[in-house]
Number of protein chains: 2
Amino acid sequence: MTETLTIHQPDDFHLHLRQGAMLQTVAPFTGDYGRVLVMPNLSPNPVLNAADALKYKEEILAVFQANKINCQPLMTIQLNEDTKPQTILEARKAGVIAAKVYPKGQTTNSANGVEDYDKLFPALVAMEDCGMVLCLHGEHPGKKIGVLDREAKFLSILRDFAWGFRKLRIVLEHVTTMEAVEEVCKLPDNVAATVTVHHLILNLDDVIGDGCKVHNYCKPVAKPEEHRLAIERVVLAGNPKFFFGSDSAPHLIQNKVDTGCAGIFTAPVALPLLAELFYRKFLEKNFENFVSVYGAQFYGLPLNEKRITLKRDVIQTGPSTIGGIETFYAGRVKNWSVYQN
Amino acid sequence: MTETLTIHQPDDFHLHLRQGAMLQTVAPFTGDYGRVLVMPNLSPNPVLNAADALKYKEEILAVFQANKINCQPLMTIQLNEDTKPQTILEARKAGVIAAKVYPKGQTTNSANGVEDYDKLFPALVAMEDCGMVLCLHGEHPGKKIGVLDREAKFLSILRDFAWGFRKLRIVLEHVTTMEAVEEVCKLPDNVAATVTVHHLILNLDDVIGDGCKVHNYCKPVAKPEEHRLAIERVVLAGNPKFFFGSDSAPHLIQNKVDTGCAGIFTAPVALPLLAELFYRKFLEKNFENFVSVYGAQFYGLPLNEKRITLKRDVIQTGPSTIGGIETFYAGRVKNWSVYQN
């Protein structure tokens with residue numbers, strides 16, 4: 001008897017689609033999702049306002065249509081120290097649903113990120129007014145803060161925003177520490193967090209424990225095992241403040257090797273790996289909540305009407321690169337395949 | 001006026017010379033040292049007994065002589081769970097001065113390392129009897145111990161050995177944590193530690209803080225800054241329990257990139273970088289103690305009679321690879337050059 005899981009079509013609330021040739025390569029892996037929240041940190045020209053977002057959306061939709069992909073891109077803009085309230089309001093009118101803050105110099109294409117978070121206050125007022133969601137890369141930009149402490153140190157900023165802007169919906173993206181998990185649990189309901197599939201699987205030892213493994217390197221870097229366990233625990237328990245955002249971040253393998261850049265391309269295996277994680281703990285219902293329900297609820301979106309079915313099987317994952325992009329979990333078994341209903 | 005430092009010729013109490021072509025390439029960088037303690041973890045055939053050590057010494061001396069290098073190799077053997085007391089005694093008679101323990105699977109060529117440290121007791125008795133020094137790679141081999149905790153967790157083994165074998169001289173190699181520094185300070189005088197130049201310069205952020213930098217990857221991995229500071233403090237203070245062992249470990253750059261293997265080739269820049277570290281704190285006298293005095297005293301060797309002089313200058317370091325081997329601190333300024341007196 002084949003074991004199956006039929007769920008509302010999932011959403012990915014944190015996805016890097018890139019542009020041009022790379023967008024062409026990664027687009028097919030969005031086919032299983034109803035909606036994807038598209039990150040704005042393009043290089044050299046980030047998405048900063050309504051016009052940028054509309055132009056980028058057009059590029060994405062053209063590729064989706066050419067590939068017969070029926071997935072809705074949800075657009076974001078980058079929120080910087082000099083983003084004007086008017087820019088926020090215009091972007092919201094143009095359908096942009098979230099603004100993303102990168103701490104300066106902490107991750108891919110974040111040179112124009114934020115150092116002084118107080119400078120964001122006027123824009124946050126506008127976001128609260130127009131109902132735009134704030135997405136935070138939660139690492140403190142302080143130069144002297146060690147890489148393992150940057151997320152925990154960022155939490156005071158999160159706290160200020162959460163209590164100071166009670167109507168602003170805030171997502172702490174890709175949480176990696178027990179401190180962040182605890183803080184998000186404690187903060188009011190305007191705060192939630194996304195969790196990636198790789199942070200549910202990897203810990204610091206997978207990066208530097210037995211050889212230096214750049215293909216497991218991302219920002220925030222995976223933390224020691226006790227932190228991974230804390231994330232896994234809150235996610236498996238079905239806490240509605242924690243939902244899926246893959247942070248799937250394609251990089252050419254040559255760039256990973258040459259520059260050691262941060263980011264893991266998980267899109268080809270994310271749903272099967274997550275399904276297995278919940279399945280092994282007999283928590284399949286929470287799988288659907290994690291990938292299809294809690295995120296939509298937090299963003300104020302209806303559940304996707306369409307459903308997908310995952311079937312359990314022994315299935316080899318794909319090759320280690322796709323179009324030159326290094327893939328996560330290559331050459332292993334993923335246990336589930338996804339079928340459109 | 002040129003600033004100079006004239007010191008007894010240093011010793012390096014932890015050095016990887018390798019064999020064959022790589023030995024040929026790295027041998028010239030031992031020229032400034034009176035003596036170097038040569039590590040036994042050759043692949044595929046480690047140095048396990050007197051015969052191995054004599055054969056390896058012959059190979060080294062042939063290369064030294066061909067390169068007119070006037071440096072004495074001090075030989076070690078690898079101590080494994082099945083090393084017999086007789087093997088220890090024979091090696092000591094053949095001039096081997098130390099036995100090195102690798103924890104199984106923790107570093108380069110350590111597949112035949114130790115898991116059960118209690119099995120070493122008979123060999124330790126023999127070492128105590130014949131005056132052979134025990135060199136410990138201080139990381140616990142337990143599979144479930146996170147990479148940042150392995151040195152601290154190893155300290156209970158060190159403690160057992162130190163108190164159980166009061167006449168056995170024990171060196172905790174390449175310390176990287178404040179816990180190890182504190183423990184070595186507290187233990188009786190039969191325990192000392194070596195410190196590398198790279199662990200005085202690098203911290204965890206230099207490995208995974210801003211990109212994943214395999215060229216800064218070694219075992220034990222560099223720890224967060226507070227640990228580096230603890231090591232720097234005890235070394236600059238001139239604590240005689242802490243002396244120089246470079247752990248300079250040459251790897252072909254292609255191997256570093258392809259496999260992420262552990263090890264940093266510091267030999268070409270070690271003495272200049274150390275001189276600068278002490279110079280900047282007005283502690284030049286402790287520089288000589290660290291590189292030329294404390295190690296010799298612990299090993300019961302006379303100071304080298306010859307002296308070398310370091311002159312302060314703005315000097316570019318060498319290329320990023322030498323004979324295909326990735327070098328530390330390439331393309332930077334090293335501040336000192338070494339002259340034979």
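Is Lys285(B) buried or exposed? Select Lys285(B) and look: this residue counts as exposed, because its relative accessibility is 55%, and exposed means over 50%. Keep in mind on this tour that the model is predicted.

**Stop 1: a helix in chain B**

Now show the cartoon. Both residues lie in helix H12 of chain B, which covers residues 284-299. They sit three residues apart, about one turn of the helix. What about the partner's surroundings? Glu288(B) counts as buried, at 8% relative accessibility. Side chains of opposite charge can pair when their charged atoms come close.

**Stop 2: Glu276 in chain A**

Move to chain A and select Glu276(A). Is Glu276(A) buried or exposed? Glu276(A) is buried, since its relative accessibility is 7% and the limit for buried is under 20%.

A salt bridge joins Arg280(A) to Glu276(A), with 2.5 Å between the closest N and O atoms. Arg280(A) counts as exposed, at 58% relative accessibility.

Arg312(A) is partly exposed, with a relative accessible area of 25%.

**Stop 3: a charged network**

Stay in chain A. Select Glu225(A), Arg228(A) and Glu232(A) together. Salt bridges link these residues in a network. How many salt bridges does a search of the whole structure find? Over all chains, the search finds 20.

**Stop 4: where the chains meet**

Show both chains, each in its own colour. The contact takes 22 residues from chain B and 22 residues from chain A. The size of an interface is often given as the accessible area lost when the parts come together. Here, chain B and chain A bury about 1,500 Å² between them. Carbon and sulfur atoms make up 61% of that area.

Which residue of chain B pairs with Arg150(A) in a salt bridge? Select Asp205(B) to see the partner. The closest N and O atoms of Arg150(A) and Asp205(B) are 3.4 Å apart. Across the interface of chain B and chain A, two salt bridges are found. Twelve residue pairs are in polar contact there, both residues being at pLDDT 80 or more.

Now highlight helix H8 of chain B, residues 205-208. Helix H8 gives the most to the side of chain B that touches chain A, with three residues. Then colour that side by class. You will find twelve nonpolar, five polar and five charged residues.

**Stop 5: the axis**

The same surface serves both copies, and 100% of the contact residues of chain B recur in chain A.

**Stop 6: a threonine in a loop**

Select Thr177(B). This residue lies in the loop between strand S7 (170-173) and helix H6 (178-186) of chain B. Thr177(B) is buried, with a relative accessible area of 2%. Follow the side chain of Thr177(B): it reaches the backbone nitrogen of Ala180(B) at 3.1 Å. Then show what Thr177(B) touches, leaving out residues up to four places away in sequence. You will see Glu151(B), Lys223(B), His227(B) and Ile231(B).

**Stop 7: a valine in another loop**

Finish at Val333(B). Its place is in the loop between strand S12 (325-326) and strand S13 (336-340) of chain B. Val333(B) is partly exposed, with a relative accessible area of 31%.

Draw a C-alpha to C-alpha distance from Val333(B) to Gln316(B). The two are 4.6 Å apart in space and 17 residues apart in sequence. Leaving out residues up to four places away in sequence, Val333(B) touches Val314(B), Ile315(B), Gln316(B) and Thr317(B).

Note on methods. Residues are numbered from 1 along each chain as its sequence is written. Chains are lettered from A and ligands numbered from 1 in the order in which they are written. This is a predicted model: local features need pLDDT of at least 70, side-chain atom pairs count only at pLDDT 80 or more; totals for chains, interfaces and linings use all residues. Side-chain values use heavy atoms; hydrogens and water are left out. Contact means heavy atoms within 4.5 Å. Buried area is the accessible area (1.4 Å probe) that two parts lose on being put together, summed over both. A salt bridge is a side-chain nitrogen of Lys or Arg within 4 Å of a carboxyl oxygen of Asp or Glu. A polar contact is a pair of N or O atoms within 3.5 Å; within protein, one must be able to donate a hydrogen and the other to accept it, and residues adjacent in sequence count only if both atoms are side-chain atoms. Helices (H or I, at least four residues) and strands (E, at least two) are DSSP runs, numbered from the N terminus. Ala, Val, Leu, Ile, Met, Phe, Trp, Tyr, Cys and Pro count as nonpolar, Asp, Glu, Lys and Arg as charged, and the others, Gly among them, as polar. Buried means under 20% relative accessible area, exposed over 50%, partly exposed in between (1.4 Å probe, protein chains only).
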